[in-house]
There are 4 protein chains.
Amino acid sequence: MSVHPDVRAGDIVVASRQAALARYRAVRLQSEALCRPLTIEDYGVQSMADVSPPKWHIAHMTWFFETFLLKPEQPGYRPFHPAYEYLFNSYYNAVGPQYPRPERGLLARPTVAQVYAYRRHVDEALARLVERAPAAVWPRLAALLLLGINHEQQHQELLLYDVKHNFAHNPLKPAYRHDLARSNAEADGTGWHFFAGGVHAVGHGGEGFAFDNEGPRHEVLLGDFRLAGRLITNGEFFAFIEDGGYARPELWLSDGWATVQREGWRAPLYWEAREGAWRIMTLGGERELNWDEPVCHVSYYEADAFARWRGQRLPTEEEWEGAAEPLPREGNFVEADYLHPVPAGPGARRPAQMFGDLWEWTRSPYVPYRGYRAPAGAVGEYNGKFMSNQMVLRGGSCASPKDHIRASYRNFFYPHQRWMFAGIRLAEDAP
Amino acid sequence: MSVHPDVRAGDIVVASRQAALARYRAVRLQSEALCRPLTIEDYGVQSMADVSPPKWHIAHMTWFFETFLLKPEQPGYRPFHPAYEYLFNSYYNAVGPQYPRPERGLLARPTVAQVYAYRRHVDEALARLVERAPAAVWPRLAALLLLGINHEQQHQELLLYDVKHNFAHNPLKPAYRHDLARSNAEADGTGWHFFAGGVHAVGHGGEGFAFDNEGPRHEVLLGDFRLAGRLITNGEFFAFIEDGGYARPELWLSDGWATVQREGWRAPLYWEAREGAWRIMTLGGERELNWDEPVCHVSYYEADAFARWRGQRLPTEEEWEGAAEPLPREGNFVEADYLHPVPAGPGARRPAQMFGDLWEWTRSPYVPYRGYRAPAGAVGEYNGKFMSNQMVLRGGSCASPKDHIRASYRNFFYPHQRWMFAGIRLAEDAP
Amino acid sequence: MSVHPDVRAGDIVVASRQAALARYRAVRLQSEALCRPLTIEDYGVQSMADVSPPKWHIAHMTWFFETFLLKPEQPGYRPFHPAYEYLFNSYYNAVGPQYPRPERGLLARPTVAQVYAYRRHVDEALARLVERAPAAVWPRLAALLLLGINHEQQHQELLLYDVKHNFAHNPLKPAYRHDLARSNAEADGTGWHFFAGGVHAVGHGGEGFAFDNEGPRHEVLLGDFRLAGRLITNGEFFAFIEDGGYARPELWLSDGWATVQREGWRAPLYWEAREGAWRIMTLGGERELNWDEPVCHVSYYEADAFARWRGQRLPTEEEWEGAAEPLPREGNFVEADYLHPVPAGPGARRPAQMFGDLWEWTRSPYVPYRGYRAPAGAVGEYNGKFMSNQMVLRGGSCASPKDHIRASYRNFFYPHQRWMFAGIRLAEDAP
Amino acid sequence: MSVHPDVRAGDIVVASRQAALARYRAVRLQSEALCRPLTIEDYGVQSMADVSPPKWHIAHMTWFFETFLLKPEQPGYRPFHPAYEYLFNSYYNAVGPQYPRPERGLLARPTVAQVYAYRRHVDEALARLVERAPAAVWPRLAALLLLGINHEQQHQELLLYDVKHNFAHNPLKPAYRHDLARSNAEADGTGWHFFAGGVHAVGHGGEGFAFDNEGPRHEVLLGDFRLAGRLITNGEFFAFIEDGGYARPELWLSDGWATVQREGWRAPLYWEAREGAWRIMTLGGERELNWDEPVCHVSYYEADAFARWRGQRLPTEEEWEGAAEPLPREGNFVEADYLHPVPAGPGARRPAQMFGDLWEWTRSPYVPYRGYRAPAGAVGEYNGKFMSNQMVLRGGSCASPKDHIRASYRNFFYPHQRWMFAGIRLAEDAP
């Protein structure tokens, strides 16, 4: 396995072993903190194939460090359990075969306690490795450590999606937490923001960590465009529903319309009309729908149909990145402790909600940048092999760790998927 | 809901309220004892649609008493939780809609602790009801209590099937218990036992509890026949495998052959060839195959194909009952604590293993006896509506409570099912 | 391949080679006559997996004679085409692999003309074989010839079912024939006919041809019972629909109710409510529903639910046979040229419509008679391997050749199937 | 329905009504000529859901003219048959509901003769309409006529794909034609051709017909790149197979690898190893594989995996168009009458086989060009609604009419599809 090529030398992790270990420990603790509200029973559920049980996430995060750092780099390392390589391998064919994804919810064993023991085992071995690895090995190790930390942050976010889906599927509608922060803000009317076209550089090019799929930085030619000042709200999306949006094929892509019919979609995921009022499921339990909040849990098909209905379009990922690059990386991230998108508040001179709140669907299929090559070996499977049939989303969400997101970050999902925190920002050509 | 018509007045339950309550408590305790080896995680797993998670069984057993005794008979009874009527209804359309069976494994909530609290709540209310019910009500109540007790015993047995399937599905192959009884017996050669034909009465007709499907007692005309002296062993079944049994369509029913192809069957369920040796999964964990033990976890299709290969046939349920009626109701039941079939030992003047060890496939489809009518109301759904597409099995198994089984007991499964303790006894016409 | 054991020596075919050949030719001509109303395009359609295209039937009928008579018995016989053994083998594993059944409709080639040339080829070779076979061979040959003739008659009937299904599936609703006979009769009220129980012999035991599954003749013990004087009419069945029959789970077997839900059944197959009136598809095209005609194209589940709703039951096959044996074999067969069931007319001292009109669902699963053994070799696959999961129907239909049916004839279909001419006759215990 | 915006006034069709009609007639005759080798039976087959029966194509081509020209533009026009609007509507929701696509093969009626009568009816009405339409209407009419002509040409090509699939599926492996042209050329070694990057205009911008999805013409920024001098040959692709290409997950996109596993792919579609030699199905019947011919019937996944294996990549659609624009529009089109790709012959200064032979997979997902808007009304469904989940292919094939193809032509298929004439041309960055 080669070193990950996109890990830059200047990163904090490389600067100091102590700093690296501190960051590792902080992120690991955060994973456990996210699980604290769960019962033992909650750890095991997989309410659809896209979901992984929380226990599996916790084990797989650990597997990543064991597989890509301890096994190759720590001489004499004894794996915690011989079967875990198979059980907790997500999709790395170069590592070996994988326990079938749709059956992750059937793994009563190992127990939660055993999975935490696995965690302890790896944490201790990793601390030793970081402290004692020869200087010549450290840069390679640091790069992998950084990848593992970012990998764990991605799974922290997925864990929240999955817990939400599991809880929403249960007729008892349990709340993940009762003490979440709440916002009283209102969403102002959309202003539009103009961006001049021309040749722009996109992709990660600076210091700090980035995933391989964010590079190489390269130039693209953009036209003049405008971007909406905030995300589309529940109220705005409801107007689409009221106008028959889910029943008018002319608004939909053909594959989207087939999905609407097959799945019987009539509203975003987690909306439920009960006794004349719309309610939605949140990580804080069921709530009344707030018209000012950004609409979330919509698929690409719904985002695209909504944009068509409004006579606009979604931005390309390059337009989005061009607009976001100069902005401060601030917003409703996981640290804000809403775990839900919040209303944008009053309009401003710059587009609001670009970072945090919700991943924003772009009209760009997830394909390699010019000059991209996946790294050799197993870590090369991290991103590159998924570059077909998916769409790019940008900006992070209320479930993303703040220090995990940047303007060049490319998230990707299939156009029919809805269980992640995804929303809609409109764009239009500026003639 | 009418009283169950097949509950006889002479039964112990009816004789004394104290005796009834004692029996209720003993059976309830036994359910909990069966769950003691389980971790919290084990309670939630459903490895296929036919399986229910142990937690669901525990809740549903309780639901039965709450739904059919407390709600209709206890004035002012307050249900433990309003959603449980829906969540733990198995298939009683007259009670209301049912949470989808294949998704029982997704119910992280209620937790195990909550399900046991439900149990306590119902146990206490039921004790009060039994103690205080007016004398006029008691006979009806006693009949339902007896039905609920037998219902719980059926689920005790299913719980063991389901735990076994869940554990066998897990690559870690955990053992349910490490301290099970073991047998060193050998299986003697099969002798055959002759039974004279003529007009015989079959079906339940005596004292004591029986399910509605065991009656009415009625006469049938049988030919002379012979019954094998014991169950078919693993060694005998292996000869069928070695002779290409799973690859020779001429030995199979057409639907059976289609199943073999579709499922890729090459041996009974839970057999696994590893490094040149056959191993099987048991409730005591993986073991080497014992050639003398009765072959188990075979479908009707396999039992039928094996019999054809041997030039014999399976018995009809009436033949089986005729042979079993005079025999003592003794055998390897759950109380023997093997939780696995054991070798028959030396031959005898009477067929061995008729009771216990394994349910025996008969060649009789599960249809109503002449004169059978399902009871009115919800309890009428207990047995009658399943009288199509299934086959009758007789005799009980190593997972059946001894006092739950009798000669007239009609168990039934689909011909492709294999996860229950089912085996093969041969028969032949006696010309 | 052994000779078919149920072909009796006294049959006309065996009596004289000329008579045998004449009967062969008459039946073969009848197959072609049934196809005369078809266009070339109609020959190729397979509107569901249970249906075979008419061209496939025509070829398969011929294949039977080629495979079971010409190839083994005619020295030097040259098969018409080497691929036909595979293409037109229905389900005989002993002959070899089979072209996949659900794809029969994809076989544009061979063309219709080629399939008729195949027919001519086999007819000529068979005539020579019958005329010139040595005397020692003739009895065996005669038995197989008779089997082939009856086989062809079965496919004549299936061909009509299949043409009807294909035509009904087409939105243009073409008529198979516009010149069918019509009846103006009315259906009288049902009378009931008493039959005394006791030990009765059932199964074929006399002279003439019978399929292997009709024997051996054996004794059964019946109770006293009553049989309805005619088939249930559309009007009577409509009362069941009006009473919510398709929406009341308590009336249905569990598997039946699941089928109703899954398939969205709301009426028998081929019923369609249009502009306030019920219309049905027939081989004569779409017609208004005639309330006096027997209800047809109902599944076993519907027949069983209807009987339960009426507080009665379906007869067993042994009851039916006992009642039918003394009756003259007369009725609305294919020769009457209705190709549709007709009203029963006024009541009589004997049950009407026992033969012809519609196959009558019995409550008897299709299982082997005591002492039954399938013949050795490929013809042994004709009936025996289907003896699971299906139900017995009796009496023949308006699509059956009259000389093909007898009281002991056991037809069988899966309980969910509806595209054959099947109807309902009620029975009840006579206390 | 608005006029199609991409129909340019300068086109021959608009120049003269007589020329327009002559072109219409020529294209219509060509459709019928393509069907001449078919038997009546061949017209009805649909060997998979992607395939339409030839009869359906013939009717649908006609439907297009009836629906989009005659019905709206010819006062008093009487449709040939009221049901055809439904039966032969492919996917135009604005026109109305559609007969289910996967069941097109079940439509025995209308017959082939009736479909040709429909064709005659529409041809005659259309000629009258073209000749007599008021001058003010003619430009709109001409635009739609041109669209219909191009639509018919697309279906001519699809018809050949579909006939090939139908015939290949038949175990008799019939040839569509025995008199096809054959080539003895050899494929020279691949040379590479350099193209300079920079800002290029792509998309249709000139005179003549183009589909809406080819515009608007717009500028893109390309890097320097090289394009292979010809298509990949069977021999070159076989080296990939021999190197374990279909068994090495690291070469595949994740969705591609899942497809390989699910479908059991081991070679391109229509390859078959028999007795040690590879054979392929062609429209001229089965042939020995010619190593020098371009490899065809590969999916995007296979094209992408092959490129990765070779350390190269597929071109983007903009690169391809930039390279193709200056080239003469010559190649192996349907008029060459090979109906199969032929070897490239000796290398040249310009890339060979850019037009004709095979559609070339690009790495570009099929998405709208900047500024694209689908036309209003039903014809707006022609292209725009398919802009998700598909990949762009360029250049036309041996089944494309020559005058139908141009450099800006964007064809599109799902990445798993293989039954069209699609092949591989490699590209690489020029550093």
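This is a predicted model: local features need pLDDT of at least 70, side-chain atom pairs count only at pLDDT 80 or more; totals for chains, interfaces and linings use all residues.

Colleague: Where do domain 1 and domain 2 of chain A run?

Modeller: Domain 1 covers 8–169 and domain 2 covers 192–429. Their centres, taken over C-alpha atoms, are 27 Å apart. The contact draws in 32 residues from domain 1 of chain A and 35 residues from domain 2 of chain A.

Colleague: How many salt bridges are there between domain 1 of chain A and domain 2 of chain A?

Modeller: The count is 0 salt bridges. A pair would need a side-chain nitrogen of Lys or Arg within 4 Å of a carboxyl oxygen of Asp or Glu.

Colleague: And which helix gives the most to the side of domain 1 of chain A that touches domain 2 of chain A?

Modeller: H6(A), with 17 residues. That side of domain 1 of chain A divides into 16 nonpolar, 9 polar and 7 charged residues.

Colleague: What is the area buried between domain 1 of chain A and domain 2 of chain A?

Modeller: About 2900 Å², with carbon and sulfur atoms giving 62% of it.

Colleague: How do you know that chain A and chain C have no contact?

Modeller: Contact means heavy atoms within 4.5 Å. No contact joins chain A and chain C, and their closest C-alpha atoms lie 15 Å apart. Chain B and chain D do not touch either, with their nearest C-alpha atoms 15 Å apart.

Definitions and conventions. Residues are numbered from 1 along each chain as its sequence is written. Chains are lettered from A and ligands numbered from 1 in the order in which they are written. Side-chain values use heavy atoms; hydrogens and water are left out. Domain bounds come from an automatic or database domain assignment. Buried area is the accessible area (1.4 Å probe) that two parts lose on being put together, summed over both. Helices (H or I, at least four residues) and strands (E, at least two) are DSSP runs, numbered from the N terminus. Ala, Val, Leu, Ile, Met, Phe, Trp, Tyr, Cys and Pro count as nonpolar, Asp, Glu, Lys and Arg as charged, and the others, Gly among them, as polar.
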